[in-house]
Amino acid sequence: MGKKIRVALAIGNETVENWLKDKVSEYCQFVGVAVHRGQILTMLNKTMPDVLIFDVCLPSQRSDPSLAELTSTIRNQYSGCRVIILCD
């Protein structure tokens, strides 16, 4: 098997994160987890993943960027990172 895809998670649900890791760990290396919106950019900077799986319902704190600000920053500063957005 070739190089594994580097994946960062920002889902906020440990059960879902563990299920996902179990199902695709053969193909993916999980490099980081953010538990609230304000941690995402720091995590991306430290881990430089190929893919970010992000739940729009991820908890945020008062000082965290808005969803629009966050997605704009990811698009502009981490253009090599593909984003999978989850919503209910």
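Q: In which loop is the place of Ser 66?
A: This is a predicted model, where local features need pLDDT of at least 70, side-chain atom pairs count only at pLDDT 80 or more, and totals for chains, interfaces and linings use all residues. Residues are numbered from 1 along each chain as its sequence is written, and side-chain values use heavy atoms, with hydrogens and water left out. Helices (H or I, at least four residues) and strands (E, at least two) are DSSP runs, numbered from the N terminus. Ser 66 sits in the loop between β3 (51-55) and α3.

Q: Does Ser 66 count as buried, partly exposed or exposed, and what is the value?
A: Buried means under 20% relative accessible area, exposed over 50%, and partly exposed in between (1.4 Å probe, protein chains only). Ser 66 therefore counts as partly exposed, with a relative accessibility of 31%.

Q: How many Å apart in space are Ser 66 and Arg 37?
A: Along the sequence, Ser 66 and Arg 37 are 29 residues apart. From C-alpha to C-alpha, the separation is 8.6 Å.

Q: At roughly what angle do the axes of α2 and α3 cross?
A: Axes here are lines fitted to C-alpha atoms, for helices over the stretch in contact, with angles running from 0 to 180 degrees between N-to-C directions. Helix α2 (residues 40-47) and helix α3 (residues 67-77) have axes that come within 11 Å and cross at roughly 15 degrees. Angles under 35 degrees count as roughly parallel, over 145 as roughly antiparallel, 65 to 115 as roughly perpendicular and the rest as oblique, so α2 is roughly parallel to α3. The crossing angle is roughly 15 degrees.

Q: Which residues of α2 and α3 make the contact?
A: Contact means heavy atoms within 4.5 Å. On the α2 side there are Ile 40, Leu 41 and Leu 44. From α3 come Leu 70, Thr 73 and Ile 74.

Q: What is the nearest cysteine sulfur to Cys 57, and how far away?
A: A disulfide is a pair of cysteine sulfur atoms within 2.5 Å, and a search of the whole structure turns up zero of them. Cys 57 is in no disulfide, and its nearest cysteine sulfur belongs to Cys 87, at 7.4 Å.
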